[in-house]
Amino acid sequence: MKNELLESVIGVTQEDILIQVLENQKQLKQQQKSLESDVDYLKNEQPVNPSVCLDLERIRKKKVIDILGGKDSPAYRDSHFARSVFAQAAKDFKDHFRIPRYDLLKRKDELNAYEYWRNWEPNTNTKFDIKARNKQLELFGGLL
């Protein structure tokens, strides 16, 4: 009797109310999924802050200089060779993280990027080239 009175006064049935509630819930669920997707992008997929890129590049440069034997080493002073080692390091990094440019590193990969530079080494042939270039100084330095 109460439902019939309500229906006659406002023209809304219980089914109409239930349908409206369910439609509202469906709409809220879609909005929630959209927000979750946006938050995931911001936390994981968005590129890192430019200051992080600069820091990673600084670490890369230091790592390569150390591997070359320092700024006073023959391997470093051979600018063509040193540039090729710097380029190899950058290419290895981009290949590993599957990015075309440094500034496109994803936030979710930030910590892994620092770990990458802590462990990066040039390939074996490059290591031998570095040793050979740096040994030449020892050989020629002893003769001069």
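Me: Leaving aside its neighbours within four places in sequence, which residues is Asn134 in contact with?
Reply: This is a predicted model, in which local features need pLDDT of at least 70, side-chain atom pairs count only at pLDDT 80 or more, and totals for chains, interfaces and linings use all residues. Residues are numbered from 1 along each chain as its sequence is written, and side-chain values use heavy atoms, with hydrogens and water left out. Contact means heavy atoms within 4.5 Å. With neighbours within four places set aside, the residues that Asn134 contacts are Leu68, Gly69, Ser73, Pro74 and Ala75.

Me: Is Asn134 buried or exposed?
Reply: Asn134 belongs to helix H7, residues 124-143; helices (H or I, at least four residues) and strands (E, at least two) are DSSP runs, numbered from the N terminus. Buried means under 20% relative accessible area, exposed over 50%, and partly exposed in between, with a 1.4 Å probe and protein chains only. The relative accessible area of Asn134 is 19%, so Asn134 is buried.

Me: How far apart in space are Asn134 and Pro74, C-alpha to C-alpha?
Reply: In sequence, Asn134 and Pro74 are separated by 60 residues. A polar atom of the Asn134 side chain also lies 3.0 Å from the backbone nitrogen of Ala75; a polar contact is a pair of N or O atoms within 3.5 Å, where within protein one must be able to donate a hydrogen and the other to accept it, and residues adjacent in sequence count only if both atoms are side-chain atoms. The C-alpha to C-alpha distance between Asn134 and Pro74 is 5.4 Å.

Me: How many helices and strands does the protein chain have?
Reply: Along the sequence the pattern reads α-α-α-α-α-α-α. Of the 144 residues, 24% count as buried. The secondary structure comes to seven helices and zero strands.

Me: What is the angle between the planes of Phe93 and Trp117?
Reply: Rings of Phe, Tyr and Trp (its six-membered ring) pair if their centres lie within 6.5 Å; planes under 30 degrees apart count as stacked, over 60 as edge-to-face and the rest as tilted. By this rule there are seven aromatic pairs. Phe93 and Trp117 form a stacked pair, with 5.3 Å from centre to centre and a plane angle of 10°.

Me: Why is the pair of Trp117 and Trp120 edge-to-face?
Reply: Trp117 is buried at a relative accessible area of 1%, and Trp120 is buried at 4%. The ring centres of Trp117 and Trp120 are 5.9 Å apart, and the pair is edge-to-face because the planes stand at 65°.

Me: What is the phi of Arg98?
Reply: Most residues other than glycine have a negative phi. Arg98 is in the loop between H5 and H6 and, at 76% relative accessibility, counts as exposed. Although Arg98 is not a glycine, its phi is positive, at about 55°.
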